[in-house]
Amino acid sequence: MKLGLVTYNMAKDWDIPTLIERCVETGFAGVELRTTHAHGVEVELSASERAAVKQQFADSSIEIAGLGSAFDYHAADAEVVRQNIEGTKVYSQLAADVGAPGVKVRPNRLPEEVPVEKTLEQIGLSLRECAEFAQNLGVQIRLEVHGRGTSELPHIRTILDVADHGNVSVCWNSNFGEVENGTIQHNFNLVKGRIGLVHITELHRREYPWRELFTSLRESGYAGYCLAEIAGSTDAVRVMNYYRALWEELAR
């Protein structure tokens with residue numbers, strides 16, 4: 001497994017050279033570039049600008065672990081869902097152009113006026129369409145375990161089953177609601193083998209069984225990124241160094 005950084009929130013104000021410099025200095029291997037942040041990796045980039053982004057990372061030891069979008073497919077309005085699907089396709093092309101292996105998407109909630117089963121089916125079918133498009137680009141669609149109601153792992157499992165596509169994976173989000181009686185094992189097993197990315201948060205918080213998570217990931221064969229999604233700091237390099245040291249201890 002490799003340690004990386006989500007640009008939300010620690011690095012939201014950093015440009016690409018700063019991102020690369022600080023990750024190199026602190027031993028982080030990659031980054032998930034979230035949309036709307038100061039690095040400026042957005043769909044508006046021209047072909048030459050996309051190539052320049054790709055080259056900046058290629059010339060360094062830091063990888064683009066993925067692109068992080070806010071596209072979701074739970075809305076009761078069909079036109080809104082269609083806009084999010086088409087937006088995901090455009091963003092997937094951006095990922096392919098800058099050398100990102102995957103795009104993070106999410107469910108965000110369960111609309112109260114719609115039966116739960118209908119919403120889960122809608123999300124799953126939307127993901128299938130996005131996954132089919134992105135597969136032709138060599139880009140994985142990663143479903144973040146996110147949102148009110150939708151972050152429950154049984155619902156994520158249902159969405160995966162409806163999508164029924166090998167190019168859809170799970171972005172494990174390290175939500176504290178995943179912990180039941182001190183363990184995540186039941187919820188982890190629901191998506192075991194389908195995890196394509198992992199977000200991790202504050203490793204000092206003992207309410208979450210971090211060592212169990214990393215052991216379970218390793219035993220399941222996961223060899224991807226664990227991406228730190230942590231608060232910003234005026235002493236970012238020092239915080240990142242401590243974070244890396246703690247991750248190495250917990251994940252070994």
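**Close-up 1. Asp-97 and its salt bridge with Arg-50 in a predicted model.** Asp-97 is partly exposed, with a relative accessible area of 28%; partly exposed means between the limits for buried (under 20% relative accessible area) and exposed (over 50%), computed with a 1.4 Å probe on protein chains only. A salt bridge here is a side-chain nitrogen of Lys or Arg within 4 Å of a carboxyl oxygen of Asp or Glu. The pair links distant parts of the chain, 47 residues apart: Arg-50 belongs to helix 2 (residues 47-58) and Asp-97 to helix 3 (residues 78-98). Helices (H or I, at least four residues) and strands (E, at least two) are DSSP runs, numbered from the N terminus. A search of the whole structure finds 15 salt bridges.

**Close-up 2. Glu-86 and Arg-82 in helix 3.** These residues form a salt bridge whose closest N and O atoms are 2.7 Å apart. They lie four residues apart, about one turn of the helix. An α-helix has 3.6 residues a turn, so residues three or four places apart point the same way. Glu-86 is partly exposed, at 36% relative accessible area, and Arg-82 is also partly exposed, at 33%.

**Close-up 3. Glu-144 and Lys-104, a salt bridge between two strands.** The closest N and O atoms of this pair are 3.1 Å apart. Glu-144 is in strand 5 (residues 140-144) and Lys-104 in strand 4 (residues 102-105), 40 residues apart. Both residues are buried. Elsewhere, salt bridges that share partners join Arg-82, Glu-86, Lys-89 and Glu-129 into one network.

**Close-up 4. The buried face of helix 8 (residues 236-251).** Ala-236, Met-240, Tyr-243, Trp-247, Leu-250 and Ala-251 are buried in this helix.

**Notes.** Residues are numbered from 1 along each chain as its sequence is written, and side-chain values use heavy atoms, without hydrogens and water. In this predicted model, local features need pLDDT of at least 70 and side-chain atom pairs count only at pLDDT 80 or more, while totals for chains, interfaces and linings use all residues.

How values were computed
The expected span of a helix is 1.5 Å times one less than its number of residues. The arc is that of the directions from the helix axis to the C-beta atoms.
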